[in-house]
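Here are my notes on this one, jotted down while paging through it. Have the viewer open as you read.

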Amino acid sequence: MMDRLAFLGTLLAVVAYPVHHSDADWQKILGPDRYVILRQNGTEPAWSSPLITEHRAGVYNCAGCNLELFTSAMKYDSNDGWPSFFTVIPGTTLTSADYDLPGEERTEVHCRRCGGHLGHIFDDGPPPTHKRYCIDGLALIFQPSPKSSG
Ligand SMILES: [Zn+2]
C-alpha cells in the first residue's frame, strides 16, 4: 500500500508544472486578455498582435512564467495573422492533441514550465523544419536585445 501511494505521489509530481498558481491568482497575474489565451486555450483575433510586425533582435518569453521560448532568429512572416516561428528553443514546450475544432485534429503547444497555452503547430512552415509555430502574441513577452553601442 505504501509503495503504491509513493508511486502515485511521484506521478503527480511529474505531471504538475514547476510554475503553478490557483485559477484566481492566474487571473490577477495575467489580466483578462492574457488569461483567456494562456489558461483557457483561447485564440486572439487574427492580425491583432503587434508582435506580427516585430522584427528587432531579441527573445520571446512566456507571458505566464517568463521562460524564454523563441528567439527573433526563429521568427518568420507566415502571413497567417499571428506571430510565427519555424522552431522553438529546445525543451521549453510540450505538445498535445487538440480537438477543439470539429473534424480537425491540431497540435497544441504549451509552455513546459507553467503549462500555459501558446498556440498550435502546423506542418506548412519553411525549411529546414517545415513547421509553423502559430503563436498568440498575448502568450508572449518580447524582450529586445540591448542595442550595441556601435
Ligand atoms: Zn510559461
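1. Start with the bend in α2: there is a kink of about 120° at Gly-31, shortly before the proline Pro-32. Keep in mind that this is a predicted model.

2. A straight helix of 18 residues would span 26 Å at 1.5 Å a residue, yet the end C-alpha atoms of α2 are only 10 Å apart. After α2 comes Asn-41, which has a positive phi, near 55°.

3. Which residues of α2 are buried? Leu-30, Arg-34, Tyr-35, Ile-37 and Leu-38. Note that an arginine is on that list. β7 is among the elements covering the buried residues of α2. As a reminder, an α-helix has 3.6 residues a turn, so residues three or four places apart point the same way.

4. Now the largest nonpolar core, which has 24 residues. Inside it, Cys-62, Ala-63, Tyr-133, Ile-135 and Ala-139 have the most contacts. At least two core residues each come from α2 (23-40), β1 (58-62), β2 (68-71), β6 (106-111), β7 (117-122) and β8 (132-135). The largest share, four residues, is supplied by α2.

5. Leaving aside residues up to four places away in sequence, Tyr-133 touches Ser-84, Phe-85, Val-88, Val-109, Gly-119 and Ile-121.

6. Of the chain's 150 residues, 27% count as buried. Among contacts between residues at least 6 apart in sequence, 54% join residues at least 24 apart.

Notes: Residues numbered from 1 in each chain as written. Predicted model: local features only at pLDDT ≥ 70, side-chain atom pairs only at ≥ 80, totals over all residues. Core = buried A, V, L, I, M, F, W, Y, C linked by C-beta atoms within 7 Å. Buried ≥ 20, exposed ≤ 12 C-beta atoms within 10 Å, placed from the backbone. Contact = placed C-beta atoms within 7 Å. Expected span 1.5 Å × (residues − 1). Bend = angle between axes of the 7 residues up to and from the residue.
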